[in-house]
Amino acid sequence: MDTHTEKLEGTPQDRVIIFDTTLRDGEQALRASLSRRAKLELAHAIARLNVDVMEVGFPVSSPEDFMSVQEIANQVRGPRICGLARAVENDIIQCANALKSAEQSRIHTFIATSPIHLKHKLRMSLEQAKTSAIGSIKLARQYCDDVEFSCEDAARTPIDDLCFMVDAAIEAGARTINLPDTVGYTTPQEYAFMIEQLRNRVPNINKAILSVHCHNDLGLAVANSMAAIQAGARQIECTVNGIGERAGNCSLEEVAMIINTRKDLYNLSSGIKTQEIVRTSHQVAQICNMPVQANKAIVGDNAFAHSSGIHQDGVLKAENTYEIIKPSQVGIKANELNLTSRSGRHVIAHRLTTLGYSEQEYDLDQFYQQFLNLADKKGAVYDYDLEALMYNNLLEQADDHYQLSFLNTTTTTNQVSSATVALRMGDQSTSEAATGNGPVEATYKAINRITNTPLNLVQYQLSAKGEGESAIGQVDIVVESAGQRYHGAGLATDIVEASAKAYINVLNLLHRAEQIEQAKQQNVKPTQTSHQGVSHEA
Ligand SMILES: CC(=O)SCCNC(=O)CCNC(=O)[C@H](O)C(C)(C)COP(=O)(O)OP(=O)(O)OC[C@H]1O[C@@H](n2cnc3c(N)ncnc32)[C@H](O)[C@@H]1OP(=O)(O)O
Ligand SMILES: CC(C)C(=O)C(=O)O
């Protein structure tokens, strides 16, 4: 017996063996099979997770897969390397050959035992399947001490038939007996009962480790696996991100974190380095071209994101109010607090503090209303949106002479655009309409009519802050007046509004310059006004 088998056989009752089959069951379900290079890269990543056993291919299936298993066996150290083989002589010999250079190897052979599979697929009796299984296990044992045998479709096999097969397989030399729910049909209670029955009825059952391999057709793969573990199974076959045939396999990260998080309930452990989970998940998703749904447990983009005000307030006060796992446990730096119109004041104040604003710089209730208006318009609000709101607040201080109170533009293909603008100037409000070659020109003309101060626009630049549809528009303009250049900026979700704000920003700078000039002539100190973020070029 080699040391690893001793280790597995001597595994304390509270240790669950993690058997990863991402590169076999997971890979066989991909729309495009993986290259050797890709499999090797993933094998290294999965080894870093510290799985106990790694099933990396089906060597007889193609020359490339044979070489891939061979390469992984040759190069990847840590986990035991396993290959799959039908209960067919050549499959087992090919598998043994591919695994030759592994430091620790396992041959996994299988045959179906359910009436449906025996009758329709294999076209053999249970007795014939048993004979094949015994022959294959014995042959595999000639090459490798560590042989696993699976009763394919065990969950749909009558319990008497299963006991009959398992007893024979252990007698033939299988060290691990796997009882797959091949079609994801069983339920936790049924599956646990099956394990209990085998443990009670098969005389030599203690000579093997019982293993489970669940598919997710009814979304029960993880629940079934954990129920079987509670009933005494000690190996879970699983895949990273739960990839695998049809709806996938039991997800490795979920069982690892259940074992880790619910020690109080299961009193079990695994060797998984949980901090590697998210990194490995990303690699698998990318290399397998199989993205992970955002709300997937443990590894989905949303798994550590809090989006509603009550939850955000809770986690800001104490993370465990809404988090059962620390992000760092799975390799994520921090949780995320997404800002939407479902967010509340606490998270806004917290985010503004993080961005460097002190509470004295804004009125929270007022800022929150502005935030809600923006959030209702945009859906998602980002840090740069909060900064833009702050920035606009500074630009629109009460002592700004000109303030935009209304803007309406219409644009029709092949026709001039029109704009109606209302500006507040102190206590007065004036509106004007104008047409132009585009909505921005029409807006600027309307503003000129109100202020009677036509500006010489020398530069206009529009840029997007943020990405995609939720980006916010920033307009930067340079205007010349009396030989001086003024820079104005405006930010808004609507780019015409951003353009208007940039223009008004310059008008206010000019107005301010006039005030300063007058004050100088009268030798009076002007009131202080802050124009952060706006440069005034001479
Ligand atoms: C539940 C699972 O996930 S099992 C693993 C499934 N994975 C794969 O199938 C991926 C790799 N498979 C392959 O590359 C190919 O299917 C091969 C090389 C295994 C076989 O290819 P082929 O010889 O062309 O046969 P094909 O795949 O069409 O049919 C499967 C044959 O294997 C037989 N078979 C299926 N399972 C077993 C088994 N465990 N033991 C013995 N024979 C089996 C079937 O009855 C069928 O035999 P038949 O040709 O006498 O009817
Ligand atoms: C070969 C076995 C373990 C299998 O993949 C299944 O039954 O799903």
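Trainee: Which residues of strand β1 point one way, and which the other way?
Mentor: I17 and F19 point one way, I18 and D20 the other way, and all are buried. Buried is 20 or more other C-beta atoms within 10 Å of a residue's own, exposed is 12 or fewer, partly exposed is in between, with C-beta atoms placed from the backbone. Strands are DSSP runs of E, at least two residues, and helices runs of H or I, at least four, numbered from the N terminus.
Trainee: How should I read the numbering and the confidence?
Mentor: Residues are numbered from 1 along each chain as its sequence is written, with chains lettered from A and ligands numbered from 1 in the order in which they are written. This is a predicted model, where local features need pLDDT of at least 70 and side-chain atom pairs 80 or more, while totals for chains, interfaces and linings use all residues.
Trainee: What stands opposite D20 in β8?
Mentor: C238 does. β1 and β8 (residues 235-238) run parallel, joined by 4 bridges; pairing takes at least two DSSP bridges.
Trainee: And in β2?
Mentor: There D20 stands opposite M54. β1 and β2 (residues 53-55) are also parallel, over 2 bridges.
Trainee: New topic: what surrounds ligand 2?
Mentor: Its shell includes D25, E152, N178, H213 and H215, counting residues whose C-beta atom, placed from the backbone, lies within 6 Å. β5 (147-152) and β6 (176-181) each supply at least two shell residues.
Trainee: How much of the whole chain is buried?
Mentor: 43% of its 538 residues.
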